[in-house]
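Good morning, colleagues. Please look at the model on the screen while I go through its overall make-up and a few of its side-chain arrangements.

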Amino acid sequence: MVSPIELQPSSKTIEDVDETIKPKLKPLHWDKVRASSDREMVWDQLRSSSFKLNEEMMETLFVVNTPNPKPNQTTPRSVIPSPNQENRVLDPKKAQNIAILLRALNVTIEEVCEALLEGNTDTLGTELLESLLKMAPTKEEERKLKEYKDDSLNKLGHAEKFLRAVLDVPFAFKRVNAMLYITNFESEVEYLKRSFQTLEAACEELRSSRMFLKLLEAVLKTGNRMNVGTNRGDAHAFKLDTLLKLVDVKGADGKTTLLHFVVQEIIRTEGARLSGINQTPNFISSEDAKCRKLGLQVVSGLSSEFANVKKAAAMDSDVLSSDVAKLSKGIENINDVVQLNETMGVDETRQKFSDAMKRFMKMAEEEICRIQAHESVALSLVKEITEYFHGNSAKEEAHPFRIFMVVRDFLSVLDRVCKEVGMINERTIVSSAHKFPVPVNPTLPQVFSGPNARKQCSSSDDESASS
């Protein structure tokens with residue numbers, strides 16, 4: 001039995017001997033699979049003894065009766081080619097792929113050629129045009145295909161006949177490229193519009209968010225308090241990268257970070273503001289715990305408030321600029337094709353192609369001008385918002401959209417910390433229900449009840465006010 005796995009060199013001599021003894025059977029054409037030594041394959045599970053082959057029956061059914069020609073005989077060249085004489089120009093795999101594409105697209109040679117000559121993009125559509133580009137022959141293949149004239153076309157396979165007919169259309173694949181640009185133009189324009197709108201909305205979100213401003217204020221005050229007595233103290237602003245460093249500063253328990261503390265402080269003040277309750281900074285009542293829950297909802301909502309910021313963080317300014325440039329370049333390519341078409345003289349078909357291309361170019365040029373203006377506005381707003389937060393240091397940014405990336409990464413950390421703080425506060429509510437005073441934040445010292453409690457709270461308030 002012939003195995004689909006290539007035999008090892010050591011077994012070839014046995015195979016050669018077998019072939020001289022056993023009758024020759026009709027061939028089975030398949031693509032052999034090369035056995036892999038570095039991974040397990042299904043063929044590893046097969047056992048040669050698991051299946052017995054009735055070779056006598058096979059030989060009876062599939063033996064080749066035609067005698068082999070002698071070595072010195074030459075086979076006369078047939079006028080009508082047999083199947084193995086077809087596909088003499090294209091690589092067999094490429095010819096097969098083209099044939100599959102043509103069957104899937106269900107289109108005739110005549111329809112394709114007529115649409116290419118007239119510039120009719122509606123007839124062909126994006127999928128077919130993309131498929132045509134994949135079929136484009138190399139220069140050598142094109143030269144060989146053009147050597148076949150009308151009287152010899154029957155020698156070609158189906159895929160080659162198709163390509164040969166397409167090549168009869170002047171500069172066919174330049175037409176395909178131009179028409180594919182036209183079919184994709186609207187979706188490309190819409191994509192760029194949405195991208196620039198997202199950038200503008202992201203800038204507005206950063207600029208107008210009250211909660212983000214509150215968070216920056218809390219971080220600035222907390223940081224200045226921690227940096228008292230150092231050259232880092234008394235700061236008036238900081239780069240947003242600082243937000244990512246808050247989780248690196250850990251409290252005495254080794255778990256609670258500076259961001260946990262900042263979030264707890266904000267939710268305490270926000271909860272009190274929303275509920276109108278006068279909160280105490282160091283220990284918590286049942287009502288205060290509910291206020292904190294309310295404040296936590298506001299802080300954790302920042303992530304959804306910055307939906308466009310997160311989208312903008314995934315964008316690449318170079319790619320966007322390149323896409324806009326490609327739109328302009330595409331118009332130039334179409335204009336080149338129109339000029340080529342007109343140098344070939346004037347007839348009805350060529351006129352149809354030129355008219356179709358010129359109508360599109362007039363519309364597209366106006367649309368591209370609007371896109372370029374939109375791009376300019378969006379990038380200016382991004383530059384402004386970066387300077388809005390980073391001042392002159394905005395010039396040091398290597399990536400124009402980096403500000404969005406930093407905020408997105410921070411929001412990811414903030415979401416996690418908000419969940420952890422929520423769990424801490426849930427335990428606090430349970431503890432307060434049993435009348436056990438619990439610290440607002442695990443890093444803060446315990447506050448004991450008794451005659452010194454009021455004094456301790458008072459001194460803590462004084463310190464907060466002074467800081």
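Predicted model: local features only at pLDDT ≥ 70, side-chain atom pairs only at ≥ 80, totals over all residues.

Of the 467 residues in the protein chain, 36% count as buried. The chain contains 18 helices and 0 strands. Its accessible surface is about 29,400 Å², and carbon and sulfur atoms account for 53% of that. Taking contacts between residues at least 6 apart in sequence, 76% join residues at least 24 apart.

Let me turn to Arg164, which is placed in helix H7, residues 158–167. Is Arg164 buried or exposed? Its relative accessibility is 10%, and the cut-off for buried is under 20%, so Arg164 counts as buried. Its side chain makes a polar contact of 2.7 Å with that of Asp168. Beyond its neighbours within four places in sequence, Arg164 touches residues including Leu145, Tyr148 and Leu156.

Next, the aromatic rings. The whole structure holds 7 aromatic pairs. One of them, Tyr181 with Phe185, is tilted, with 5.8 Å centre to centre and 50° between the planes. Both residues belong to helix H8, 4 residues apart, or about one turn of the helix, and both are buried.

In the pair of Phe212 and Phe306, the centres are 5.3 Å apart and the planes stand at 75°, so this pair is edge-to-face. Phe212 lies in helix H9 and Phe306 in the loop between helices H13 and H14, 94 residues apart. Over the ring of Tyr388 sits the charged end of Arg207, 4.4 Å from the ring centre.

Notes. Residues numbered from 1 in each chain as written. Heavy atoms only, no water. Helix = DSSP H or I, 4+ residues; strand = E, 2+ residues; numbered from the N terminus. Buried < 20%, exposed > 50% of the residue type's maximum accessible area, 1.4 Å probe, protein only. Contact = heavy atoms within 4.5 Å. Areas by Shrake-Rupley, 256 points an atom, 1.4 Å probe, with all protein chains shown as cover. Polar contact = N/O pair within 3.5 Å; in protein donor to acceptor, adjacent residues only side chain to side chain. Phe/Tyr/Trp six-rings, centres within 6.5 Å; stacked < 30°, edge-to-face > 60°. Lys NZ or Arg CZ within 6 Å of the ring centre and 35° of its normal.
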